[in-house]
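Me: Please take me through some features of this model, one at a time. I would like the general idea first and then the case at hand.

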Amino acid sequence: MPPFDRIRSRLPRGARADALLACGVFVLVALGAEGQRLTRSGDSLPALIASWLLITAVCGALMLRRRYPVAVGWFTVVATGAYYLLSSIDGPLIVVPIVALYAIAAQGRLRASLTMAAVMVTGMSAGVLVGSSDVTGTAVFMLTGWLVAVVALGSVRHGRLAYAEEEARLRATEERLRIARELHDVIGHNISLINVQASAALYRLNKDPAQAEEALGAIKASSRETLRELRATLGVLRRVDEEAPTAPAPGLGRVDELVASAGRAGLPVRIERSGTERPLTAPVDLAAYRIVQESLTNAARHSGAGQVVIRIAYGDRELALTVEDDGRGPVAGAAGPDGGSGIAGMTERARALGGELSAGPRPEGGYAVRARLPYGIAGEPMERSDR
């Protein structure tokens, strides 16, 4: 953390800050008033006592400026006006309503702050009209400029805080959507396969116990994979001091595991690769993996496919993914019959990386998901793997 931020973090906040502000302003006003009293004839004792009571009350009101900003603002304006009418000493008490005015404008109460500033200018202008020797047109003009500047600064402060809060809300919303999409992809795929495998096991239990046992073994493997991925995802979200995950991050390097998982569910899958394989950035690698995963989930749950082909093509500027099956495709289009949003989630992932994704029936029959993912800052082509 930079030194300035460390100093800022140690500054008092809340009620303590308001108390220090009130004390500091009181000392400033007291020194200014007493300094003028030394060079000018003093007030009578009752007027002197009343003026000091007003100074104390006006400065003390700043301690309540957070809880009652408008009420404190109006009190300081009225009491400061009474002070200048009562005392012959022109102390700098005007600083207090200016501080209160800034606090009101910084809270977004623009109408109240403008009304208060107008009342202060009107009151001082009235002093010029009645011929007060302590108030001149120049003083009114300078006060007006100060008040306009204070209100403007307070409004800018409010705008900056509102913008920062809105940005924080947007970041939180985007993070929630990212987490929801990640959990959907992690859980939905494996749970869908478990559902298919459980249905097959129930169907074969009496007719072919050996195949039922094989399906139950596949259920066990899929549930273990689900728990592993879920722990890894939740571990990242918790940010606690736990052991670093030993499993590789989801990416195209683990696409063979998806193929094996789909095979255990009775869905034959074939992979075709073309082009010179490249190292992918983590977001592109994860998006490609999730797109393949969701496509296989849809094929297993909705399409009734008997064969799935995954084509991975490494181009010069982008990665092309195609997942084709010979089934009928999702029944409800972009959303599954249970209200899911798998295809919409895949489309969001592709667009977030500057790519695109399309999904729909093929002219020759079956269903296809096609995605283009730009490499971004991916590295140079590397030697073709043995996969």
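Reply: Start with Glu 257, which is partly exposed because its relative accessible area is 37%. Buried means under 20% relative accessible area, exposed over 50%, and partly exposed in between, with a 1.4 Å probe and protein chains only. This is a predicted model, where local features need pLDDT of at least 70 and side-chain atom pairs count only at pLDDT 80 or more, while totals for chains, interfaces and linings use all residues. Residues are numbered from 1 along each chain as its sequence is written, and side-chain values use heavy atoms, with hydrogens and water left out.

Me: With which side chain does Glu 257 meet in a salt bridge?

Reply: Side chains of opposite charge can pair when their charged atoms come close. The rule used here asks for a side-chain nitrogen of Lys or Arg within 4 Å of a carboxyl oxygen of Asp or Glu. Glu 257 meets Arg 254, at 3.2 Å from N to O. Arg 254 is buried, with a relative accessible area of 4%.

Me: How many salt bridges does this rule give?

Reply: The count is twelve. One of them joins Arg 270 and Glu 272, at 2.9 Å from N to O. Arg 270 counts as partly exposed at 38% relative accessibility, and Glu 272 also counts as partly exposed, at 29%. Another links Arg 362 with Glu 324, whose closest N and O atoms are 3.1 Å apart. Arg 362 lies in the loop between β4 (356-361) and β5 (367-374) and Glu 324 in strand β3 (residues 318-325), so this pair ties together parts that are 38 residues apart in sequence. Both Arg 362 and Glu 324 are buried. Salt bridges that share partners join Arg 270, Glu 272, Arg 311, Glu 324, Arg 362, Glu 364 and Arg 370 into one network. Helices (H or I, at least four residues) and strands (E, at least two) are DSSP runs, numbered from the N terminus.

Me: What span should helix α3 have, and which of its residues are buried?

Reply: The expected span of a helix is 1.5 Å times one less than its number of residues. For the 16 residues of α3 (residues 45-60) that gives 22 Å, and the end C-alpha atoms are 22 Å apart, which agrees. The buried residues of α3 are Ala 47, Ser 51, Ile 55, Val 58 and Cys 59. Seen down the axis, they fall within an arc of 95 degrees, so they line one face of the helix. The arc is that of the directions from the helix axis to the C-beta atoms. An α-helix has 3.6 residues a turn, so residues three or four places apart point the same way.

Me: Which residues are exposed on the other side of α3?

Reply: Leu 45, Pro 46 and Leu 53 are exposed there. Ile 49 is also found in α3 and is partly exposed, with a relative accessible area of 47%.

Me: How many disulfides does a search of the whole structure find?

Reply: A disulfide is a pair of cysteine sulfur atoms within 2.5 Å. The search finds zero. Cys 23 is in no disulfide, and its nearest cysteine sulfur, that of Cys 59, is 9.3 Å away. Cys 23 counts as partly exposed at 48% relative accessibility, whereas Cys 59 counts as buried at 2%.
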